[in-house]
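I opened the model today and kept short notes.

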Amino acid sequence: MSGPLLGCIADDYTGATDLSSMLVRAGLRVIQCFGTPDANAKYGDADAVVVSLKSRSIPADEAVSMSFDALRFLRSIETQRYFFKYCSTFDSTPAGNIGPVADALADELDASQVIFCPAFPENGRTVYCGHLFVGGVPLHESSMRNHPLNPMTDSDLVRVLQAQSKRKVERLSLGNPQRDESGCHLIADSINEDDLKRVAEFSREHRLLTGGSAIARYWAEALLPNQSRRSIEAETNEDCADNLGSDAAEQSTAKAANSQTRSVVLAGSCSDATRNQISEFAATFPVMNVDLSLTSIDDSASLALDWCDQQWHQSDESEKLILISSGANTEVVEAARRRWGDQEAANRVEQIFALIAKGLVERGVGRIVVAGGETSGAVINSLGIDAVRIGREIAPGVPWVEAIGLSQGGHPLSLALKSGNFGGPRFFFDALECEP
Ligand SMILES: Nc1ncnc2c1ncn2[C@@H]1O[C@H](COP(=O)(O)OP(=O)(O)OP(=O)(O)O)[C@@H](O)[C@H]1O
Ligand SMILES: O=C(O)[C@@H](O)C(=O)CO
């Protein structure tokens, strides 16, 4: 008997939920787990097992070793094909980790030719002539150039990957899709869904494919004959994901405020998209900035939790929606980085959010929206969540997920793990009015 069709290794947690929701769109039954599960874990009749790692911004040798453990597990359950998921903005440094991890997986799986397809046109990420664009702007001119952990200063992905890989890197251009470059890594152009379908078709016989979530969806569709895919009822929640007009926006605010479950947004992302979403939210609901001037991270977390208690007790609005942010403005981020250094500042912020998340669950909060991949990793790990079920999609690539084996007074604990740059300006409203 063979195991799941797809075994996936994702380099961060929000990227993994993005991938899971795209595989659900393709009609696959998906289990998403955090960290490599132990050898005896059972996955029933899952078509895809997504192992979510926090390996994007750690030293390359550690990322390779974590990914290898995940691969060993996926092989032990007799996975048929393998997918390595990284960010649609190719987040990495000259040392890795996309190149070293892909090289290692390719060597181990005897994959002579490996496609790299980060494009996610639905979210504005396209690749043309080997160059990555974000909303039509070259990657190095987009807000990614200022990313706190992986600043992206070169849009030429052939050059970026070549600096990280021991294999030769070439382009797979749209005009030359039949290219046969054995032993090469190929950066695939894709500017729309049809291009992705062509790349998926081209990769049909490959054992290993790498890229963003969009290509994974089409690869799954190309690999599975239609009739054996689960038929997904029209559970699409267009009303949640649509950009709202102003009347609809007012209704959405009211609906969100009436939600029966205490809900909190934790925004550790410093991306432009998240910053816009925070300022939109702040016009209606209370927002607090984590105090990073304190020496003790416990004190910063306690202060934030006291603020939450105050918000809930101040009025009868026990279900008040609130948001805690760390990177809403550039000056605060710069000050923290000057004081602690880039990595230490980021670690501290993540630890503070981890403590806050624990405190929120102790206070009975049933829905937590987390903005940012690293931040999501810190929150999920601190709550000890091993695996999640994938729920409704709030915006492309951002589903609600339900923690397996953790409940809040009989209700499931729901989380939305949002990639920093995903979602429209009213994403937090969309999330809170969309039933998980
Ligand atoms: N004020 C701050 N000072 C320094 N670092 C910060 C500050 N606020 C947030 N950070 C750090 O910035 C990083 C943001 O990365 P995160 O992955 O959470 O968001 P993102 O990169 O926008 O999202 P994604 O990875 O999903 O694209 C985290 O490590 C976080 O701890
Ligand atoms: O691919 C993306 O853009 C996201 O899934 C992600 O990985 C952001 O962290």
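I am working with a predicted model, where local features need pLDDT of at least 70, side-chain atom pairs count only at pLDDT 80 or more, and totals for chains, interfaces and linings use all residues. Residues are numbered from 1 along each chain as its sequence is written, with chains lettered from A and ligands numbered from 1 in the order in which they are written.

Ligand 2. I found 13 residues around ligand 2, with Gly15, Asp18, Ser88, Gly373 and Ser419 the closest (C-beta, placed from the backbone, within 6 Å of the molecule). The shell holds 9 polar, 2 nonpolar and 2 charged residues. Helix α1 (residues 13–25) gives the largest share, 3 residues. Domain 1 (6–228) and domain 2 (238–433) each supply at least three; these bounds come from an automatic or database domain assignment.

Helix α5. I listed the buried residues of α5 (residues 193–202): Asp195, Leu196, Val199, Ala200 and Phe202. Buried means 20 or more other C-beta atoms within 10 Å of the residue's own, with C-beta atoms placed from the backbone. Seen down the axis of α5, the buried residues fall within an arc of 160 degrees, so they line one face of the helix. Their cover includes β5 (114–117), β10 (184–188) and α6 (213–223).

Isoleucine 380. I placed isoleucine 380 in helix α13 (residues 373–383). Isoleucine 380 counts as buried because it has 28 C-beta neighbours inside 10 Å. Beyond four places in sequence, isoleucine 380 is in contact with Tyr13, Phe34 and Ile385 (C-beta atoms, placed from the backbone, within 7 Å).

Definitions and conventions: Helices (H or I, at least four residues) and strands (E, at least two) are DSSP runs, numbered from the N terminus. A residue is buried if 20 or more other C-beta atoms lie within 10 Å of its own, exposed if 12 or fewer, and partly exposed in between; C-beta atoms are placed from the backbone. Two residues are in contact if their C-beta atoms, placed from the backbone, lie within 7 Å. Ala, Val, Leu, Ile, Met, Phe, Trp, Tyr, Cys and Pro count as nonpolar, Asp, Glu, Lys and Arg as charged, and the others, Gly among them, as polar. The arc is that of the directions from the helix axis to the C-beta atoms.
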